[in-house]
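Hi,

Here is the structure I said I would pass on.

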Amino acid sequence: MKHRTFFWFFLPTGLAMLLFIAAPIVSVVLQSVFAPHEPVLITAQTCTPFSCTEETTIDQEATRVLREAKPLGRFVGLDIYFNRGHLATAEVAEAWRTTDSLTAFFRELGDLPFYRAMAFTLTYTFTVTPLLIILGMAIALAVNTLAQKLKGVVIFFSLLPMIVTPLVGSLIMFWMIDNRGVLGNFLSWLVSDPDLSVKASTGLMWVSLIIYGIWHSAPFAFVVFYAGLQTLPEDQIEAAQIDGASRWQQVRYIVVPHLMPLVTFVALIQLMDNFRVFEPIVGFNASAHATSLSWIIFNDLGGETRQLSAAAATSVMTIIGVAILLSPVLVRTWRDFKGKM
Amino acid sequence: MASKTLRAPFSLRLLTNGFIVFWLILAAFPFVWTLWGSFKVELDFFSIADWTNALTGYNTERTYGSPFTGVGYHGAWVQEEFWRAVINTGIVCFFVVCTSLTIGTLGGYALSRSAFRYTFWLLIIALIFRAMPPITLVSGYLLPFFEWNVWGILPTTIIVLVAINQPFTLWMLHSFFQNIPKELDESAKVDGCTQFQAFRWVIVPVMWPGVITTGLFSFLLAYNDFAVTSMLLSESNRTMVPEIAAFLGTTYTEGNVMFAVAAVVSATAPLFILVMFFQRQIVSGLTAGAVKG
């Protein structure tokens, strides 16, 4: 295909991505180094014969002129990144100096919004991802042994948790674990504590969010692994059977190694997806116990005071986090491409 | 493989079947429970006294004389005007799917037919864009959209969702077009067609399976999106998902949780039907990227 033809074919989609993905990223980075203008103050001194009083008022006109002249705000460099709402370097240093044990230090860190969000996001990402892979693998192996007629039905129901809107799915779960809901009731009956409430306990909230995460993403792993199982090398399985390998040994030494590339694929995709956990926190109304970077952005942007600069700084840090998680995928794609050349 | 010697021992079959039943309950029970409960009053759906109330509808029967009531649905659809959100979702999904397939097909086709090095870099860039959480882009949109006075209306949201959709659409369609033999359009070009004519008359008639699969995922993205729609739409233009989120704020205080439950069930129903009819395409779409890579 000639360059010219390619250009015209690619123009609409390229333009869409340039204007609505690339440009916003630039704009987010710009916004994160500018803060809104502070109102211009005028200090007027009024003197009576006995004393002088200073009065400070906002110069509305000058403020408006300044805002119109420089709509981005005033340049503050990386200040927003280091303030209390984000990396909070001063507070961290202070906590490091004043606390005498690591536990106390981490407790102090837990009060800072960024570190609180990171603690949950990372815990969530690195517990949900391995667990959903194990569950997905188990379902795939089990479904593969079923009769052909049943498979379709089982796959249909298995897809539901993944296809359903994340916010809707988390609401459905949340209403069940509510202390008046069926699972909440069951739990408090189980531990015979009628006052048990998932909503009131940070630990229980984290666990329910993690369970929701596994429930939501396991179907994806299941479908991918199930497709992989259809391409199992039958001759190897037969050879292993002739050699007297037990069922477990066949799974351990043939099936799992055969699926390993798919496990890597699912792990990489899910690490990125789980890192941006957001809807369940809204659905579970869990922001008192667990927050994530995406939730902080959402919270800053919403409401009456749209804190664009703060949200932009968090956005840039989220993008950096995603980029770190994405790098292995890029390396893999690059290697594939090299292999094809 | 079904020879007698390979049959699993009884205990193992019991274990696997038991596990599948367990998973099916885990996957489907929440939906069944919520669907059933949406026809009850709040005192039954959330019951401290006795959880079986939710099954029998004890309080529902006392209030309305029948164990089932459509009061939640009436409240959501008529009183809170949920139908507006449904129509908005319909409009957004329809235009997002159409636009993103049209421009995505052209782009994906070009990427699959060009042998130059820049196609690889374009795909890599698309992959990076695909990984960006949409919420991080939103703060970049707000300022210009306020400035140009286009915030809050449906067309803006549609364009943004189309753009966010493009990277994924391009990857799907690119790999799909690569499986269509190049000789098809080459021979058309030999016969004197331009590249576009070759695409229009030779490729378009055979591309529908891949386009339908991709379209399904575009639809799901537009339908399920919460971050973009809740930030970019004004109150009167909300689609279903942000509308449900807005319900929560107001209904918890007014004690109309059942409105939200009914709205949630209404929003889930189309997805059920979608999975029912397009299960095969969804599965093939999910595995397309994986099995190759």
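This is a predicted model: local features need pLDDT of at least 70, side-chain atom pairs count only at pLDDT 80 or more; totals for chains, interfaces and linings use all residues.

**The interface.** On the chain B side, 104 residues are in contact with 90 residues of chain A. Together the chains bury about 8,900 Å², and 80% of that is on carbon and sulfur atoms. W23(B), F46(B) and F226(B) account for 8% of the area chain B buries against chain A, more than any other three residues. As for polar links, 13 residue pairs are in polar contact between the chains, counting pairs with both residues at pLDDT 80 or more. By element, α15(B) gives the most to the side of chain B that touches chain A, with 18 residues. That side is made up of 80 nonpolar, 19 polar and 5 charged residues.

You'll find F116(B) in the loop between α6 (82-113) and α7 (118-131) of chain B, and it touches M1(A) and H3(A). With a relative accessible area of 35%, F116(B) is partly exposed.

**Salt bridges.** The count over all chains is 9, with 1 across the interface of chain B and chain A. R180(A) and E42(B) pair up between the chains, at 3.9 Å from N to O. Within chain A, D178(A) and K199(A) meet at 3.0 Å. D178(A) sits in the loop between α8 (166-177) and α9 (182-190), and K199(A) in the loop between α9 and α10 (202-229), so this pair ties together parts 21 residues apart in sequence. D178(A) is buried at 3% relative accessibility, while K199(A) is partly exposed at 37%. Shared partners join D178(A), R180(A), K199(A) and E42(B) into one network.

Elsewhere in chain A, R97(A) and E94(A) form a salt bridge at 3.2 Å. Both lie in helix α4 (residues 89-98), 3 residues apart, about one turn of the helix. R97(A) is exposed at 61%, and E94(A) partly exposed at 39%.

**Packing.** The largest nonpolar core has 186 residues, and L159(A), W175(A), F225(A), V266(A) and F284(A) touch the most other members. Helix α15 (residues 257-292) of chain B gives the most to this core, with 16 residues. Leaving aside neighbours within four places in sequence, the contacts of F284(A) include M173(A), F174(A), I177(A), L209(A) and Y212(A). There is also a second, separate core of 6 residues, with A88(A), A95(A), F105(A) and L109(A) among them.

Cheers

Definitions and conventions
Residues are numbered from 1 along each chain as its sequence is written. Chains are lettered from A and ligands numbered from 1 in the order in which they are written. Side-chain values use heavy atoms; hydrogens and water are left out. A nonpolar core is a set of buried Ala, Val, Leu, Ile, Met, Phe, Trp, Tyr and Cys residues joined through side-chain atoms within 4.5 Å. Buried means under 20% relative accessible area, exposed over 50%, partly exposed in between (1.4 Å probe, protein chains only). Helices (H or I, at least four residues) and strands (E, at least two) are DSSP runs, numbered from the N terminus. Contact means heavy atoms within 4.5 Å. Buried area is the accessible area (1.4 Å probe) that two parts lose on being put together, summed over both. A salt bridge is a side-chain nitrogen of Lys or Arg within 4 Å of a carboxyl oxygen of Asp or Glu. A polar contact is a pair of N or O atoms within 3.5 Å; within protein, one must be able to donate a hydrogen and the other to accept it, and residues adjacent in sequence count only if both atoms are side-chain atoms. Ala, Val, Leu, Ile, Met, Phe, Trp, Tyr, Cys and Pro count as nonpolar, Asp, Glu, Lys and Arg as charged, and the others, Gly among them, as polar.
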